[in-house]
Amino acid sequence: MSKKIIVVGASSGIGAEIAKEHLKKGNNVVLIARRKEELEKRIQECENPSGKSHILVHDVIETHQAAMLFSKSVELLGGLDEIYFASGIMEKIEINEFDTIKDLKMIQVNLCGAIAWINPASEFFSKQGNGKIIGISSIAGDRGRVGNPVYNTSKAALNTYLEALRNRLSRKGILVLTVKPGFIDTAMTQGLKGLFWLISANTAAKIIISATDSGKEDIYVPARWWLVGFVIRNIPSFIFKKLNV
Ligand SMILES: NC(=O)c1ccc[n+]([C@@H]2O[C@H](COP(=O)([O-])OP(=O)(O)OC[C@H]3O[C@@H](n4cnc5c(N)ncnc54)[C@H](OP(=O)(O)O)[C@@H]3O)[C@@H](O)[C@H]2O)c1
């Protein structure tokens, strides 16, 4: 039977590939983002997908619209099985820059946007007694680093929010999966220097969907980033503050 899926942040990168993979599998998907024409292109790229697609244009900063658009998505699909929150931004921040406007925008998209969409999904799934919530976070949330303090903060807070929801919802039969990608080849990483272990957004999407299907709760993408996360989390602060990572 086909599944009913919402993907927030489906116009490019990881979210786009997740939406396309589900459409190709015959699942019905609501694709959400700001750029309508990019969402349309992503659907065309699927070439006769067996699943049905719907587009909703939305800026996740408009958090007051999320609950209403969530209900509209459920109505379009005739129910809901899984929601993926993949919208995210990483503003370019110089090493001596403290730009509150850029910083708050990252919190609004990466964290407030996620909460505004995942809260109504949690309520809906709680009543339904099943469902899957997938939040695309980052290995960047594992530690506060010199390069982009508020990007790190947005992802660390997202991790804590998702963990708390998991503790609330797993007893009701609902899966909450935290996804921590390493470096993925998307618009977000274009032009960045020193990337390694780079994988395509499509490979990342397949790993994320497979983890969702098998009921995993916390993954690094690809899995070898787990070791990097483990080392980063365990370096003592007196050493870590001298490093440029
Ligand atoms: N690429 C990496 O190496 C990497 C590593 C770790 C974590 N991540 C995380 O993975 C997620 C997806 O990023 P990506 O790499 O796939 O980047 P991407 O290709 O730039 O995709 C970002 C997506 O977020 C959407 N988005 C951005 N601002 C939005 C807004 N205000 N309202 C609604 N949607 C918005 C974009 O859609 P519109 O612009 O059309 O609105 C787009 O669909 C992000 O949370 C990112 O932090 C990426």
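Buried residues have under 20% relative accessible area, exposed residues over 50%, and partly exposed residues lie in between (1.4 Å probe, protein chains only). The views below come from a predicted model, in which local features need pLDDT of at least 70, side-chain atom pairs count only at pLDDT 80 or more, and totals for chains, interfaces and linings use all residues. Residues are numbered from 1 along each chain as its sequence is written, and side-chain values use heavy atoms, with hydrogens and water left out.

View 1. Phe230 is partly exposed, at 40% relative accessibility. Phe230 belongs to helix 7 (residues 225–234); helices (H or I, at least four residues) and strands (E, at least two) are DSSP runs, numbered from the N terminus. Together with Trp226, Leu227 and Val231, Phe230 makes a nonpolar surface patch of about 410 Å². Like charges are joined within 9 Å, and nonpolar side chains (Val, Leu, Ile, Met, Phe, Trp, Tyr) within 5 Å. Areas follow the Shrake-Rupley method with a 1.4 Å probe; for residues, only the protein chains shown count as cover.

**View 2. The largest nonpolar core, around Ile6.** This core has 36 residues, and Ile6, Phe70, Ile83, Trp117, Ile118 and Ile133 have the most contacts inside it. At least two core residues come from each of several elements, including strand 1 (4–8), helix 3 (66–77) and helix 4 (100–128). Helix 4 gives the most, with nine residues. A nonpolar core is a set of buried Ala, Val, Leu, Ile, Met, Phe, Trp, Tyr and Cys residues joined through side-chain atoms within 4.5 Å. Beyond its neighbours within four places in sequence, Ile6 is in contact (heavy atoms within 4.5 Å) with residues including Val30, Phe70, Ile83 and Trp117.

**View 3. Thr189 in a loop.** Thr189 sits between strand 7 (184–185) and strand 8 (199–200). Thr189 is buried, at 12% relative accessibility. Residues up to four places away in sequence not counted, Thr189 touches Ile184 and Leu195.

**View 4. Cys46 and Cys112.** Cys46 lies in the loop between helix 2 (36–45) and strand 3 (53–57). With 7% relative accessibility, Cys46 is buried, whereas Cys112 is partly exposed, with a relative accessible area of 30%. Cys46 touches Lys20 and Leu23, not counting residues up to four places away in sequence. Its C-alpha atom is 9.9 Å from that of Glu17, 29 residues apart along the chain. The structure holds zero disulfides, a disulfide being a pair of cysteine sulfur atoms within 2.5 Å.

Definitions and conventions: Patch = residues over 30% accessible without salt bridge, like charges linked within 9 Å, V, L, I, M, F, W, Y side chains within 5 Å. Salt bridge = Lys/Arg side-chain N within 4 Å of Asp/Glu carboxyl O.
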